[in-house]
Amino acid sequence: MSEKIAVITGATGGMGREMVSELAKDHKVYALGRNSGILAELAQLDNVTAIGGDLVAGLLHGADQQAYRELKELKQVDVLVHSAAIAHRHTVASAQPLDWRSQFEVNVFAAAELTRELLPALQQAAGLVVFINSGAGKGAHPGNIVYAATKHALYALADGLRKEQANTGVRVSTIAPGPTDTPMLQGLRTQAGADYEPEHYIEPEEVAKALRLVVDAGPSTQITDLAVRPRIELADRN
């Protein structure tokens, strides 16, 4: 049996690092990210190839082709995980076109383009595409409209891809964590002027466990949507 291959974007984020460590147990993992320090740490793990680069510049604008050349030459991809995302708080009144464009490019357009590039390799392996979504993907909240809109769009991308690839062997799953203890959430809470209480949020390794559940689904099925919620919802805390 040939070695299984996984590609993970956003690998230097809070959830991404845990997912790289999890899949590296039985996959050769290509870990994509922008934080050079964390990439160096990931590169020390067995079965991990760290790739530094900007998804938007490299995939959408062709400015950094060398970073992604190795990926585009892959003949099989068993798992593709779209974890890269940015989030900045905006209202409809405050968001400028650039604010919309920058979040959509990272959160949606880059995921669509990387999927397109790797689709032949995914089909060859009867592989799995996993979109890391968010609770915001099904519930927009005031002050965070742009991010929520990108995550709504990501559901449409995942659901449409699943239907398009139904007869090719490619499976498509969405994992939607609620508030997770990551630098992204900390930044959003800071922007909102709210307290940051890590003990109230999901631990990033729990998202990696959810990914493992999706990856290990039997050959006759696919887990299409998996919500990962805090043990106690923030709104229900006394």
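**Entry 1**

I began with L39, which is buried at a relative accessible area of 8%; buried means under 20%, exposed over 50% and partly exposed in between, with a 1.4 Å probe and protein chains only. I note that this is a predicted model, in which local features need pLDDT of at least 70 and side-chain atom pairs count only at pLDDT 80 or more, while totals for chains, interfaces and linings use all residues. Residues are numbered from 1 along each chain as its sequence is written, and side-chain values use heavy atoms, with hydrogens and water left out.

I located L39 in helix α2. Helices (H or I, at least four residues) and strands (E, at least two) are DSSP runs numbered from the N terminus. Setting aside neighbours within four places in sequence, I listed T12, A31, G33, R34, A50, I51 and G52 as contacts of L39; contact means heavy atoms within 4.5 Å. I also read the C-alpha separation of L39 and G52, which is 7.1 Å for residues 13 apart along the chain.

**Entry 1. The sheet**

I traced an open sheet of seven strands in the order β3-β2-β1-β4-β5-β6-β7, with parallel pairing. β3 (48-52) and β7 stand at the edges with a single partner strand each, so one side of each has no neighbour in the sheet. Neighbouring strands are turned by 15° against each other on average, direction ignored. For such angles, axes are lines fitted to C-alpha atoms, for helices over the stretch in contact, and the values run from 0 to 180 degrees between N-to-C directions.

I then looked at two helices that pack on this sheet. Helix α2 (residues 36-43) touches β2 (28-33) and β3, and its direction makes about 165° with that of β3. α5 touches β1 (5-8), β4 (79-82) and β5, and its direction makes about 175° with that of β4.

I asked how many residues of β6 are buried. Seven of the seven are, so β6 is largely enclosed by the rest of the structure. R171, S173, I175 and P177 point one way from the strand, whereas V172, T174 and A176 point the other way.

I checked the pairing on both sides of β6; two strands pair if DSSP finds at least two bridges between them. β5 and β6 pair in the parallel sense over five bridges, and V130 stands opposite S173 in β6. β6 (residues 171-177) and β7 also pair in the parallel sense, over four bridges. The bridge partner of I175 in β7 is L226. In β7 (residues 225-228), L226 and V228 form a covered face, and D225 and A227 an uncovered one.

**Entry 2. S134**

I found S134 in the loop between β5 (128-132) and α6 (145-164). S134 is buried, with a relative accessible area of 12%. Its side chain reaches the backbone nitrogen of A136 at 2.9 Å. Leaving out residues up to four places away in sequence, I recorded that S134 touches Y147, K151, Y155, A176 and P177.

**Entry 3. Aromatic rings and charges over rings**

I counted three aromatic pairs in the structure; rings of Phe, Tyr and Trp (its six-membered ring) pair if their centres lie within 6.5 Å, and planes under 30 degrees apart count as stacked, over 60 as edge-to-face and the rest as tilted. W100 and F104 form a stacked pair, 6.4 Å centre to centre with 25° between the planes. Both lie in helix α5 (residues 97-125), four residues apart, about one turn of the helix. W100 is partly exposed at a relative accessible area of 28%, whereas F104 counts as buried at 17%. Y196 and Y201 form a tilted pair, 5.0 Å centre to centre with 50° between the planes. Y201 counts as buried at 7% relative accessibility. I noted that W100, F104 and F109 form one aromatic cluster.

Lastly, I looked up charges over rings; a charge sits over a ring if NZ of Lys or CZ of Arg is within 6 Å of the ring centre and within 35 degrees of the ring normal. K28 lies over the face of Y30, at 5.1 Å from the ring centre. The charged end of K138 sits over the ring of Y155, 4.8 Å from its centre.

Notes:
A polar contact is a pair of N or O atoms within 3.5 Å; within protein, one must be able to donate a hydrogen and the other to accept it, and residues adjacent in sequence count only if both atoms are side-chain atoms.
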